[in-house]
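Dear colleague,

I am passing on the structure below, and my notes on it follow. Please read them alongside the coordinates.

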Amino acid sequence: MADFKYEIVEHIGTLSESAKGWTKELNKISWNGGEPKYDIRDWAPEHEKMGKGVTLSEDEMAKLKELL
């Protein structure tokens, strides 16, 4: 698997928490030094591990907000 870097630029909120302490969060994340994007995914308690998630651009997030 290719090595990648990420930085949580802004923690927007926590959607839920599992019994094992993992949280489903909405964050703005910079992947490999790129422009930050909205990201929804599960995180281990200290953000040392992550689950699969969805990453959205500003336009996609605006469209999602409109749809909701």
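M61 belongs to helix α1, residues 58–67 (helices, H or I, of at least four residues, and strands, E, of at least two, are DSSP runs numbered from the N terminus). With a relative accessibility of 17%, M61 counts as buried (under 20% relative accessible area is buried, over 50% exposed and in between partly exposed, with a 1.4 Å probe and protein chains only). Beyond its neighbours within four places in sequence, M61 is in contact with L26, Y38 and L56, contact meaning heavy atoms within 4.5 Å.

This is a predicted model, in which local features need pLDDT of at least 70 and side-chain atom pairs count only at pLDDT 80 or more, while totals for chains, interfaces and linings use all residues. Residues are numbered from 1 along each chain as its sequence is written, and side-chain values use heavy atoms, with hydrogens and water left out.

Turning to the rings, the search of the whole structure gives four aromatic pairs (ring centres of Phe, Tyr or Trp, the last by its six-membered ring, within 6.5 Å; planes under 30 degrees apart are stacked, over 60 edge-to-face, the rest tilted). F4 and Y6 make a tilted pair, at 6.5 Å centre to centre and 40 degrees between the planes. F4 also forms a tilted pair with W31, at 5.9 Å and 50 degrees; because F4 lies in the segment before β1 (6–17) and W31 in strand β2 (residues 23–31), this pair ties together parts 27 residues apart in sequence. Ring pairs join F4, Y6, W31 and W43 into a cluster.

Best regards
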